[in-house]
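Student: Please take a close look at the metal site in this model, and then follow the parts of the fold around it. I would like one connected account.

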Amino acid sequence: MKIICIGQNYLEHIKELNSAIPEEPVFFLKPDTALLLDNKPFYLPDFSNDIHHEVEIVLKINRVGKNIAEQFAHKYFEEITVGIDFTARDIQKVQKTKGLPWEKAKAFDGAAPMGKFVSKNKFQRMNNIGFHLDINGKTVQKGNTNDLLFSFDKIISFISQFITLKIGDLIYTGTPVGVGAVKIGDKLEAYLEGEKLLAFEVK
Ligand code: MG
(Lines give C-alpha, C1' and ligand atoms only; values in the text may rest on other atoms or scores of the structure.)
Protein backbone atom coordinates (compact mmCIF):
# COMPACT_ATOMS: atom_id res chain seq x y z
CA MET A 1 0.00 0.00 0.00
CA LYS A 2 1.21 3.48 -0.81
CA ILE A 3 -0.02 6.95 0.08
CA ILE A 4 0.02 9.49 -2.72
CA CYS A 5 -0.58 13.12 -1.87
CA ILE A 6 -1.50 15.97 -4.19
CA GLY A 7 -0.01 19.36 -3.36
CA GLN A 8 -1.29 22.79 -4.40
CA ASN A 9 -4.76 21.77 -5.51
CA TYR A 10 -6.85 24.62 -4.04
CA LEU A 11 -6.20 28.15 -5.25
CA GLU A 12 -6.62 29.99 -1.94
CA HIS A 13 -4.16 27.60 -0.26
CA ILE A 14 -1.62 28.15 -3.06
CA LYS A 15 -1.93 31.89 -2.41
CA GLU A 16 -1.44 31.56 1.35
CA LEU A 17 1.85 29.74 0.76
CA ASN A 18 2.92 32.13 -2.02
CA SER A 19 3.29 29.19 -4.39
CA ALA A 20 2.87 29.20 -8.15
CA ILE A 21 -0.28 27.73 -9.70
CA PRO A 22 0.75 24.31 -11.07
CA GLU A 23 0.13 23.44 -14.70
CA GLU A 24 -0.31 19.77 -13.86
CA PRO A 25 -0.95 17.91 -10.59
CA VAL A 26 1.93 17.96 -8.13
CA PHE A 27 2.31 14.76 -6.17
CA PHE A 28 4.54 13.17 -3.54
CA LEU A 29 4.41 9.97 -1.50
CA LYS A 30 4.25 9.05 2.17
CA PRO A 31 5.22 5.58 3.45
CA ASP A 32 2.73 3.29 5.22
CA THR A 33 4.45 4.14 8.53
CA ALA A 34 2.94 7.64 8.22
CA LEU A 35 -0.61 6.30 8.57
CA LEU A 36 -2.37 7.07 11.84
CA LEU A 37 -5.58 5.12 12.25
CA ASP A 38 -8.41 4.55 14.74
CA ASN A 39 -8.30 8.11 16.09
CA LYS A 40 -5.00 7.41 17.81
CA PRO A 41 -3.17 10.46 19.19
CA PHE A 42 -0.55 12.26 17.12
CA TYR A 43 2.72 12.81 18.95
CA LEU A 44 4.41 16.06 18.00
CA PRO A 45 7.88 15.22 16.69
CA ASP A 46 10.81 17.08 18.22
CA PHE A 47 12.56 17.82 14.90
CA SER A 48 10.12 20.58 13.94
CA ASN A 49 8.70 23.68 15.63
CA ASP A 50 5.99 24.23 13.04
CA ILE A 51 3.86 21.16 12.29
CA HIS A 52 0.90 22.28 10.17
CA HIS A 53 -2.48 20.61 9.73
CA GLU A 54 -3.74 20.17 6.16
CA VAL A 55 -7.21 18.60 6.05
CA GLU A 56 -7.83 16.73 2.82
CA ILE A 57 -10.33 14.34 1.23
CA VAL A 58 -8.82 10.88 0.87
CA LEU A 59 -9.71 8.34 -1.85
CA LYS A 60 -9.19 4.59 -1.45
CA ILE A 61 -8.24 2.83 -4.68
CA ASN A 62 -10.26 -0.35 -5.19
CA ARG A 63 -8.78 -1.88 -8.34
CA VAL A 64 -5.46 -2.12 -10.12
CA GLY A 65 -4.88 0.44 -12.85
CA LYS A 66 -2.21 1.84 -15.12
CA ASN A 67 -2.71 4.63 -17.69
CA ILE A 68 -6.30 5.10 -16.56
CA ALA A 69 -8.35 7.31 -18.86
CA GLU A 70 -9.95 10.22 -17.05
CA GLN A 71 -13.41 9.15 -18.18
CA PHE A 72 -13.01 5.78 -16.40
CA ALA A 73 -11.17 7.03 -13.30
CA HIS A 74 -14.36 7.17 -11.21
CA LYS A 75 -14.49 3.34 -11.35
CA TYR A 76 -11.23 3.13 -9.40
CA PHE A 77 -12.55 4.32 -6.02
CA GLU A 78 -15.73 3.55 -4.09
CA GLU A 79 -14.98 5.04 -0.68
CA ILE A 80 -13.73 8.38 0.58
CA THR A 81 -12.88 9.95 3.92
CA VAL A 82 -10.97 12.87 5.41
CA GLY A 83 -7.37 12.83 6.56
CA ILE A 84 -4.62 15.18 7.64
CA ASP A 85 -1.47 15.73 5.60
CA PHE A 86 0.74 16.82 8.50
CA THR A 87 3.59 18.98 7.25
CA ALA A 88 6.71 20.22 9.03
CA ARG A 89 6.42 23.67 7.45
CA ASP A 90 9.77 24.91 8.76
CA ILE A 91 11.56 21.93 7.20
CA GLN A 92 9.51 22.15 3.99
CA LYS A 93 10.53 25.80 3.54
CA VAL A 94 14.21 24.83 3.70
CA GLN A 95 13.69 21.92 1.30
CA LYS A 96 11.82 24.15 -1.16
CA THR A 97 14.52 26.82 -1.04
CA LYS A 98 17.22 24.26 -1.70
CA GLY A 99 15.19 22.45 -4.35
CA LEU A 100 15.25 19.23 -2.32
CA PRO A 101 12.50 16.58 -1.99
CA TRP A 102 9.73 17.17 0.56
CA GLU A 103 9.75 13.76 2.26
CA LYS A 104 11.64 15.01 5.32
CA ALA A 105 8.77 17.45 5.92
CA LYS A 106 5.91 15.17 4.91
CA ALA A 107 6.68 11.47 5.32
CA PHE A 108 7.46 11.14 9.01
CA ASP A 109 5.72 8.68 11.36
CA GLY A 110 2.11 9.63 12.04
CA ALA A 111 2.05 12.32 9.34
CA ALA A 112 -1.07 10.85 7.73
CA PRO A 113 -4.01 10.52 10.15
CA MET A 114 -7.00 9.05 8.30
CA GLY A 115 -10.67 8.82 9.15
CA LYS A 116 -13.38 6.20 8.71
CA PHE A 117 -14.31 5.57 5.07
CA VAL A 118 -17.81 6.09 3.72
CA SER A 119 -19.32 5.17 0.37
CA LYS A 120 -18.95 7.86 -2.26
CA ASN A 121 -22.55 7.06 -3.23
CA LYS A 122 -23.63 9.16 -0.24
CA PHE A 123 -22.73 12.17 -2.33
CA GLN A 124 -24.56 13.14 -5.49
CA ARG A 125 -21.58 14.68 -7.23
CA MET A 126 -17.86 14.37 -6.60
CA ASN A 127 -17.38 18.03 -7.50
CA ASN A 128 -19.56 19.39 -4.74
CA ILE A 129 -18.45 17.87 -1.43
CA GLY A 130 -17.87 20.08 1.56
CA PHE A 131 -15.33 19.20 4.26
CA HIS A 132 -13.83 20.98 7.22
CA LEU A 133 -11.48 20.74 10.17
CA ASP A 134 -12.25 21.92 13.69
CA ILE A 135 -9.56 22.42 16.31
CA ASN A 136 -10.78 22.64 19.90
CA GLY A 137 -14.32 23.18 18.59
CA LYS A 138 -13.48 26.02 16.20
CA THR A 139 -13.48 25.61 12.41
CA VAL A 140 -10.02 26.40 11.02
CA GLN A 141 -10.22 24.96 7.49
CA LYS A 142 -13.23 24.67 5.22
CA GLY A 143 -13.21 23.45 1.64
CA ASN A 144 -15.41 22.22 -1.17
CA THR A 145 -14.36 20.00 -4.05
CA ASN A 146 -15.89 22.46 -6.52
CA ASP A 147 -12.75 24.52 -5.87
CA LEU A 148 -10.33 21.75 -6.86
CA LEU A 149 -7.83 22.72 -9.56
CA PHE A 150 -7.54 19.05 -10.56
CA SER A 151 -10.56 16.80 -10.06
CA PHE A 152 -10.42 13.33 -8.47
CA ASP A 153 -10.68 11.78 -11.94
CA LYS A 154 -7.91 13.95 -13.33
CA ILE A 155 -5.64 13.12 -10.37
CA ILE A 156 -6.18 9.36 -10.72
CA SER A 157 -5.59 9.48 -14.46
CA PHE A 158 -2.48 11.61 -14.10
CA ILE A 159 -0.82 9.59 -11.33
CA SER A 160 -1.51 6.31 -13.12
CA GLN A 161 0.60 7.46 -16.07
CA PHE A 162 3.63 7.15 -13.80
CA ILE A 163 2.69 4.77 -10.98
CA THR A 164 0.49 1.68 -11.13
CA LEU A 165 -2.37 2.11 -8.70
CA LYS A 166 -3.15 -0.93 -6.56
CA ILE A 167 -6.01 -1.97 -4.32
CA GLY A 168 -5.80 -0.17 -0.99
CA ASP A 169 -3.65 2.69 -2.19
CA LEU A 170 -4.67 6.04 -0.71
CA ILE A 171 -4.77 9.41 -2.42
CA TYR A 172 -4.80 12.63 -0.36
CA THR A 173 -6.33 15.13 -2.74
CA GLY A 174 -5.03 18.49 -1.48
CA THR A 175 -5.86 21.00 1.23
CA PRO A 176 -7.96 24.19 1.18
CA VAL A 177 -6.92 27.51 2.72
CA GLY A 178 -6.40 27.87 6.47
CA VAL A 179 -3.39 25.69 7.26
CA GLY A 180 -1.65 26.39 10.54
CA ALA A 181 0.40 24.97 13.37
CA VAL A 182 -0.88 22.44 15.91
CA LYS A 183 0.22 22.25 19.53
CA ILE A 184 0.10 19.71 22.33
CA GLY A 185 -3.41 19.35 23.71
CA ASP A 186 -5.19 20.32 20.48
CA LYS A 187 -8.25 18.26 19.59
CA LEU A 188 -8.70 17.85 15.85
CA GLU A 189 -12.03 16.83 14.31
CA ALA A 190 -12.48 16.43 10.56
CA TYR A 191 -15.83 16.29 8.79
CA LEU A 192 -17.07 15.22 5.39
CA GLU A 193 -20.21 17.31 4.87
CA GLY A 194 -21.83 17.06 8.29
CA GLU A 195 -20.34 13.76 9.34
CA LYS A 196 -17.38 13.57 11.71
CA LEU A 197 -15.07 10.83 10.40
CA LEU A 198 -11.82 11.63 12.21
CA ALA A 199 -11.10 12.86 15.74
CA PHE A 200 -7.81 12.73 17.61
CA GLU A 201 -5.61 14.63 20.02
CA VAL A 202 -2.12 16.08 19.65
CA LYS A 203 0.21 14.87 22.40
MG1 MG B 1 -1.34 18.59 1.51
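**The magnesium site and its surroundings**

Tutor: In this predicted model, the magnesium ion has the protein donors Glu54 (OE), Glu56 (OE) and Asp85 (OD), which lie 2.0 to 2.1 Å from it. Along the sequence, the spacing of these donor residues reads E-x1-E-x28-D. Glu54 sits in the loop between β4 (51-53) and β5 (55-61), and Asp85 in the loop between β6 (77-84) and β7 (87-88), so this pair ties together parts that are 31 residues apart in sequence. Glu54 and Asp85 are both buried.

Next comes helix α2, residues 89-98, with the buried residues Arg89, Ile91, Gln92 and Gln95. These residues lie on the same side of α2 because they cover an arc of only 155° around the axis. The cover over them includes α1 (11-16), β4, β7 and α3 (103-106). On the face turned away from the buried side, α2 carries the exposed residues Lys93, Thr97 and Lys98.

In α4, residues 152-162, the buried residues are Phe152, Ile155, Ile156, Ser157, Phe158, Ile159 and Ser160. Ser160 counts as buried because its relative accessibility is 0%, where the cut-off for buried is under 20%. Leaving aside neighbours within four places in sequence, Ser160 is in contact with Gly65, Lys66, Asn67, Ile68 and Leu165.

The largest nonpolar core has 57 residues, and those with the most contacts inside it are Ile80, Phe86, Ile156, Ile171, Leu188 and Leu192. Two or more residues each come from β1, β5, β6, β10, α4, β12, β14 and β15. The largest share, five residues, is that of β5. As for Leu192, if residues up to four places away in sequence are not counted, Leu192 touches Ile57, Ile80, Thr81, Val82, Val118, Phe123, Ile129, Gly130, Phe131 and Leu197.

Strands β10, β14 and β15 also belong to an open sheet of four strands, in the order β11-β10-β14-β15 and with antiparallel pairing. Its edge strands are β11 (138-144) and β15 (195-201), each of which pairs on one side only. On average, neighbouring strands of this sheet are turned by 15° against each other, direction ignored. Within the sheet, β10 (residues 130-135) and β14 (residues 187-192) pair in the antiparallel sense over five bridges. Asp134 has Glu189 in β14 as its bridge partner.

Two loop residues complete the account. Most residues other than glycine have a negative phi. Asn136, in the loop between β10 and β11, has a positive phi of about 50° although it is not a glycine. Its relative accessibility is 44%, so Asn136 counts as partly exposed. Asn39 is placed in the loop between β3 (35-36) and β4, and although not a glycine, Asn39 has a positive phi of about 55°. With a relative accessible area of 40%, Asn39 is partly exposed.

Conventions: Residues numbered from 1 in each chain as written. Predicted model: local features only at pLDDT ≥ 70, side-chain atom pairs only at ≥ 80, totals over all residues. Heavy atoms only, no water. Donors = N, O, S within 2.8 Å, 3.2 Å for Na, K, Ca; no water. Buried < 20%, exposed > 50% of the residue type's maximum accessible area, 1.4 Å probe, protein only. Pairing = 2+ DSSP bridges. Axes fitted to C-alpha atoms, helices over the stretch in contact; angles between N-to-C directions. Arc of directions from axis to C-beta. Contact = heavy atoms within 4.5 Å. Core = buried A, V, L, I, M, F, W, Y, C linked by side-chain atoms within 4.5 Å.
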